[in-house]
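This report describes selected features of one protein model. Please keep the sequence and the structure in view while reading.

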Amino acid sequence: MMETHSLGRNRQTPAARNHIVYTDHKGRKIPYADKITPEPILNNNASRDTKADSIRNSYNSQFKVGVYGWRKKCLYILVIALMLMMVINLALTLWVLKVLDFNSEGMGQLRIVPGGLQLLGQALVLDSLFASSIKSKRGYPISVESSRNFTVSTRDAHGLLQSKLFLGPDRLEVNVGRLEVRDSRGALILGADHDAVTVGADTLVITSPAGITFHTAVQTSQVKAPPSKPLVLESPTRSLEVHAAQNIVLESRAGDISASCLSTFHLKSVAGAIRLDAPSIYMPKLKSALPLPPTTPHSHDPHHQNIYQLCACANGKLFLAPPHGACAAREESLICR
């Protein structure tokens with residue numbers, strides 16, 4: 001009877017409960033669960049699971065999971081804005097493809113062909129153009145235009161400048177080690193380097209009315225005038241010198257040779273003689289000396305009035321004297337000076 005009374009008393013005693021309140025990081029109270037004193041071992045596991053489910057359901061009913069309020073509105077606005085940007089971007093991409101005329105072969109008049117690109121119209125290069133070969137369509141010319149200047153340059157394997165072609169509004173510059181101009185057969189027409197300028201053509205023609213000017217010396221094997229044109233060698237303000245190691249030949253096959261000067265004309269031979277080989281030699285402007293007093297009775301023969309002696313002064317000046325008598329004149333001091 002005593003054991004039965006104690007058991008009954010234990011059933012009527014309520015279980016002690018300790019209420020524990022939890023707080024979050026902001027200090028708000030979260031009634032998580034009620035801590036219940038341990039039940040007697042006679043309670044089974046089913047009662048425990050039922051009590052845990054009831055606690056979980058009460059917690060979920062107090063705290064809903066998800067995005068609510070102004071956060072939900074901001075999320076929807078962000079998603080709509082992203083969709084609008086995607087649509088606008090797609091529309092702009094389609095518009096650019098339409099304007100530039102993109103297709104499976106290339107872009108507009110630019111075609112992608114085996115080995116490079118083919119341009120059917122005109123191209124505007126805004127900065128630099130790098131290409132290994134530029135060719136025109138067969139049967140069509142190629143034209144390169146620039147509003148200011150045009151420059152073509154080549155570089156070596158190290159990036160150093162080797163040659164340069166500059167075409168400006170008022171000049172053409174070529175910076176190379178050697179310049180060569182050749183004809184269609186590959187023959188050299190004009191060559192220039194640091195040492196000399198070579199003219200490979202058969203004939204060098206100067207069409208300027210003022211002729212050609214050389215500031216130093218000219219070395220040539222032949223100077224010839226064009227057909228039916230005279231040859232003039234002239235030095236307007238300085239002297240004209242012709243030098244040769246062996247011979248100098250002046251020849252006119254169908255005309256005259258004229259040499260004139262303002263001052264003195266010198267013919268000088270150091271080791272030889274000056275030979276004038278012609279059937280007639282004329283000296284029309286020699287001075288004629290007055291005849292000396294008559295010494296012979298036939299000095300006034302009319303047949304000898306046009307005959308003179310060619311005399312020379314001590315300084316080499318020539319004059320004419322009467323055919324008979326001494327080769328002298330009374331006014332020799334006036335003639336020979």
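## Strand β6 and Val152

V152 is placed in strand β6; helices (H or I, at least four residues) and strands (E, at least two) are DSSP runs, numbered from the N terminus. The model is a predicted one, in which local features need pLDDT of at least 70 and side-chain atom pairs count only at pLDDT 80 or more, while totals for chains, interfaces and linings use all residues. Residues are numbered from 1 along each chain as its sequence is written, and side-chain values use heavy atoms, with hydrogens and water left out.

With a relative accessibility of 38%, V152 counts as partly exposed. In this scheme, buried means under 20% relative accessible area, exposed means over 50%, and partly exposed lies in between (1.4 Å probe, protein chains only). The C-alpha atoms of V152 and V174 are separated by 9.7 Å, and the two residues are 22 residues apart along the chain.

## The sheet β6-β7-β8

Strand β6 belongs to an open sheet of three strands, in the order β6-β7-β8, with antiparallel pairing. Two strands are taken to pair if DSSP finds at least two bridges between them. The edges are held by β6 (150-155) and β8 (172-175); each has a single partner strand, so one side of each is left without a neighbour in the sheet. On average, neighbouring strands of this sheet are turned by 10° against each other, direction ignored. For such angles, axes are lines fitted to C-alpha atoms, for helices over the stretch in contact, and angles run from 0 to 180 degrees between N-to-C directions.

Which residues face each other across the pairing with β8? F166 has E173 as its bridge partner in β8, and L165 stands opposite V174 in β8. Strand β7 (residues 161-167) pairs with β8 in the antiparallel sense over four bridges, and a hairpin of four residues joins β7 to β8. In a regular strand the side chains alternate between the two faces of the sheet.

## The sheet β3-β4-β5

Another open sheet has three strands in the order β3-β4-β5, and its pairing is antiparallel. Here β3 (106-107) and β5 stand at the edges, each with a single partner strand, so one side of each lacks a neighbour in the sheet. Strands β3 and β4 run antiparallel and are joined by two bridges. M107 stands opposite L110 in β4.

The loop between α3 (70-99) and β3 contains D101. Phi of D101 is near 60°, a positive value in a residue other than glycine. Most residues other than glycine have a negative phi, and most peptide bonds are trans. D101 counts as partly exposed, at 41% relative accessibility.

## The second largest pocket

The second largest pocket holds about 2300 Å³ of space. Rolling a probe the size of a water molecule over the atoms shows where empty space is left. On a 1 Å grid over the protein atoms alone, a pocket is an open set of points with protein on both sides within 12 Å along at least five of seven lines, whereas a cavity is a set of points where a 1.4 Å probe fits but cannot get out; lining residues have an atom within 4 Å of a point. Grid points are joined across faces, edges and corners, and a volume is the space filled by probe spheres set on the points.

The lining of this pocket comprises 44 residues, of which A123, V125, L129, I134 and V144 lie nearest its centre. The elements that give two or more residues to the lining are β4 (110-113), β5 (116-119) and β6, and β6 gives the most, with six residues.

V125 is found in the loop between β5 and β6 and is partly exposed at 44% relative accessibility. The C-alpha atoms of V125 and S146, 21 residues apart along the chain, are separated by 9.8 Å.

## The disulfide

A search of the whole structure finds one disulfide, a term for a pair of cysteine sulfur atoms within 2.5 Å. The pair links distant parts of the chain, 16 residues apart: C311 lies in strand β12 (residues 309-312), and C327 in the loop between β13 (318-321) and α4 (332-335). The S to S distance between C311 and C327 is 1.6 Å, and the link is left-handed, with -140° about the S-S bond. C311 counts as buried at 1% relative accessibility, whereas C327 is partly exposed, with a relative accessible area of 39%.
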